[in-house]
Amino acid sequence: MNTDRMNARITFQKSSDGMEWKDVLSCYAYINGVNGNEFFIANAGYEAALTVTVSCRYQPALMKITPMQYRIICGGVKYELLSPADDVRFEHREVIFRAKRIYTEEDGE
């Protein structure tokens, strides 16, 4: 785990009804894959999704986060969780999530 790369401030939000979101936990993370297909996405002319890996330092509270009730916000960008928390090698050092960002023409991307 390279903590020097964890420079993105993220917030986990929880929803009980799918409409109203409430901040639950904030931490620093490394988001990998955000820049991979920007040209394709910007010029596709239709909705496209980009899957990313979000790595955070281990915190017991992160292990309770489930894809159906939570999402990630980073710099105003919303990510839908695709997987539950993964305690890498069960070492309690790093937690990884898989998430996706939905790009649409309304985003102006």
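## Report on a predicted single-chain model

Phe90 is exposed, with a relative accessible area of 73%. This residue is placed in the loop between β6 and β7. With a relative accessible area of 62%, Arg89 is exposed. As background, most residues other than glycine have a negative phi. The coordinates discussed here are those of a predicted model.

**Overall arrangement**

The protein chain contains one helix and seven strands. Along the sequence these elements follow the pattern β-β-α-β-β-β-β-β. Of the 109 residues in the protein chain, 37% are buried. The accessible surface of the protein chain is about 7000 Å², and carbon and sulfur atoms account for 47% of that surface. Among contacts between residues at least 6 apart in sequence, 52% join residues at least 24 apart.

In soluble globular proteins, nonpolar side chains tend to be buried together. The largest nonpolar core in this model has 23 residues, and Ile10, Phe12, Val54 and Phe97 are those with the most contacts inside it. Two or more residues of this core come from each of β1, β2 (21-32), β3 (48-57), β4 (70-74), β5 (77-81) and β7 (94-103).

Ile10 is found in strand β1. Its relative accessible area is 0%, so Ile10 counts as buried. When residues up to four places away in sequence are not counted, Ile10 touches Leu25, Ser26, Cys27, Ala29, Ile31, Val54, Cys56, Ile72, Ile73 and Cys74. Ile10 and Gly76 are 66 residues apart along the chain, and their C-alpha atoms are separated by 9.6 Å.

The structure holds one aromatic pair. It is formed by Phe12 and Phe97, whose ring centres are 5.2 Å apart and whose planes are at 50°, so the pair is tilted. Because Phe12 lies in strand β1 and Phe97 in strand β7, the pair ties together parts that are 85 residues apart in sequence. Phe12 is buried at a relative accessible area of 0%. Phe97 is buried as well, with a relative accessibility of 0%.

**Polar and charged side chains**

Thr11 is also placed in strand β1 (residues 8-15). The cut-off for a buried residue is under 20% relative accessible area, and Thr11, at 15% relative accessibility, therefore counts as buried. Outside the four places on either side in sequence, Thr11 touches Asp23, Leu25, Ser26, Arg71, Ile72 and Ile73. With one of these residues, Ser26, Thr11 makes a side-chain to side-chain polar contact of 3.0 Å.

Glu94 is placed in strand β7. At 14% relative accessibility, Glu94 is under the 20% cut-off and so counts as buried. The side chains of Glu94 and Ser55 are joined by a polar contact of 3.4 Å. These two residues are 39 residues apart in sequence, while their C-alpha atoms are 6.7 Å apart in space.

Asp17 is located in the loop between β1 and β2. The side chain of Asp17 reaches the backbone nitrogen of Met19 at 2.9 Å. Asp17 and Gln69 are 52 residues apart in sequence, with a C-alpha to C-alpha distance of 8.5 Å.

A charged side chain is also placed against an aromatic ring. Arg9 lies over the face of Tyr28, at 4.8 Å from the ring centre.

| Group | Partner group | Distance |
|---|---|---|
| Thr11 side chain | Ser26 side chain | 3.0 Å |
| Glu94 side chain | Ser55 side chain | 3.4 Å |

**Strand β1 in brief**

Several of the residues described above belong to strand β1. Ile10 is found there, Thr11 is placed in residues 8-15 of that strand, and Phe12 lies in it too. Ile10 and Phe12 are among the residues with the most contacts inside the largest nonpolar core, whereas the side chain of Thr11 makes a polar contact with that of Ser26. Leu25, Ser26, Ile72 and Ile73 are among the residues touched by Ile10, and they are also among those touched by Thr11.

Methods
Residues are numbered from 1 along each chain as its sequence is written. This is a predicted model: local features need pLDDT of at least 70, side-chain atom pairs count only at pLDDT 80 or more; totals for chains, interfaces and linings use all residues. Side-chain values use heavy atoms; hydrogens and water are left out. Helices (H or I, at least four residues) and strands (E, at least two) are DSSP runs, numbered from the N terminus. Buried means under 20% relative accessible area, exposed over 50%, partly exposed in between (1.4 Å probe, protein chains only). A polar contact is a pair of N or O atoms within 3.5 Å; within protein, one must be able to donate a hydrogen and the other to accept it, and residues adjacent in sequence count only if both atoms are side-chain atoms. Contact means heavy atoms within 4.5 Å. A nonpolar core is a set of buried Ala, Val, Leu, Ile, Met, Phe, Trp, Tyr and Cys residues joined through side-chain atoms within 4.5 Å. Rings of Phe, Tyr and Trp (its six-membered ring) pair if their centres lie within 6.5 Å; planes under 30 degrees apart count as stacked, over 60 as edge-to-face and the rest as tilted. A charge sits over a ring if NZ of Lys or CZ of Arg is within 6 Å of the ring centre and within 35 degrees of the ring normal. Accessible areas come from the Shrake-Rupley method with a 1.4 Å probe; for residues, only the protein chains shown count as cover.
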